Amino acid sequence: MPTIDMSYLTDILVKLCTTPSVTGNTRQAVALCETEFRQMGLATRYTNKGALIATLEGRSSDGAVTFSGHVDTLGAMVKELKSNGRLALTPIGGYMMNAVEGERCWVETSGGRQVSGTILTTKASTHVYSAEATKLERKPENMEIRLDEKVSNIDDLRQLGIEVGDFIAFDPRTVVTSAGFIKSRHLDDKAGVACILAAARALSGSGQCPPRTVHFFISNYEEIGHGASAGIPQETVDFIAVDMGAIGSGQTSDEYTVSICAKDSSGPYTLEIRNKLVELCRKNNIPYRLDIYPYYGSDASAAVRAGADIRTGLIGPGVDASHAHERTHQEALEATARLIVAYALV
């Protein structure tokens, strides 16, 4: 089986994590993926929604397999320009507001300017608000963005070019530790996309022609539920979503293995696909865990709900603290990329 270049996988993951791509504003990150695929010699094209499809031709075009990862992330949008020179926000994606309290962020204006700031509660100082500060409910109405500019009113904000509807990206604070951990926001699903890119690189550089055509689908609206609901290649028979495995109490997933999902909120994944994934892990000594995610949906879920006649699977590296400040390990990334390669070659 082709070897995964872990140096490349880690480097591209860091690049992806540090490239802002809030759902609805993913152009830079999608373009980064396109550049990587083209350097591998893969043909690429875009869907009308802006998703990217890269193709590795196989010996047969019948019964193609498509691997999907989403490059869009959690974030926010400017809801209101406030009279005190701060910004009200509306969340994009599902996360707890306390998970972003105190986080650095950037507001991208329609003119392309990046303005830095910090997400705070409206009563952030205990020296001023005392018990009110600690008891204040962490919900969007009680949060605001303090910009790193001399602004004190709405006119000042508009002078910066800021307007309602501007996108807000969170600082990922990406760190690779000496022990092999990667800590960052947006490992959901940039870890999965990095695994796809590393697997595609291994496959394209191996000289082996897969038995059937392999598509890599980089979706850009997964966090709001309709990422792969349209545009997947028509010849797709097997559709494997590559997304994080959620770690927590009652879950079997961990940070060192590839997670194989048997069922999530959309229902069971295709049994034949799941069994084949397990068989490939055992045959190739790929560490894995089977798991069920009751509050989770994937691009495969979106495709099936939209009426796609496909067999589905879901795999991905185990990620701790999903939709907060997340963490995984290089071992989980490698296991995931190896499983993609193994499935593409059967």
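Contact here means heavy atoms within 4.5 Å. The model is predicted.

Q: Which strands does helix α9 lie across, and at what angle does α9 run to β19?
A: Helix α9 (residues 330-344) lies across β10, β11 and β19. It runs at about 70° to β19.

Q: What makes β10 and β19 edge strands?
A: The open sheet has 3 strands in the order β10-β11-β19, with antiparallel pairing. β10 (175-176) and β19 (326-329) each have a single partner strand, so one side of each lacks a neighbour in the sheet.

Q: Why are β10 and β11 called paired?
A: Pairing takes at least two bridges. 2 bridges join β10 to β11 (residues 181-184), so the two strands pair. They run antiparallel. V175 has K183 in β11 as its bridge partner.

Q: Why is S301 called buried?
A: Buried means under 20% relative accessible area. S301 has 4% relative accessibility, so it counts as buried. S301 lies in helix α8 (residues 299-305).

Q: What makes the link between S301 and Y269 a polar contact?
A: The cut-off for the N or O pair is 3.5 Å. The side chains of S301 and Y269 are joined at 3.3 Å, so the distance is within that limit. Leaving aside neighbours within four places in sequence, S301 also contacts D264 and S266.

Notes: Residues numbered from 1 in each chain as written. Predicted model: local features only at pLDDT ≥ 70, side-chain atom pairs only at ≥ 80, totals over all residues. Heavy atoms only, no water. Helix = DSSP H or I, 4+ residues; strand = E, 2+ residues; numbered from the N terminus. Axes fitted to C-alpha atoms, helices over the stretch in contact; angles between N-to-C directions. Buried < 20%, exposed > 50% of the residue type's maximum accessible area, 1.4 Å probe, protein only. Polar contact = N/O pair within 3.5 Å; in protein donor to acceptor, adjacent residues only side chain to side chain.
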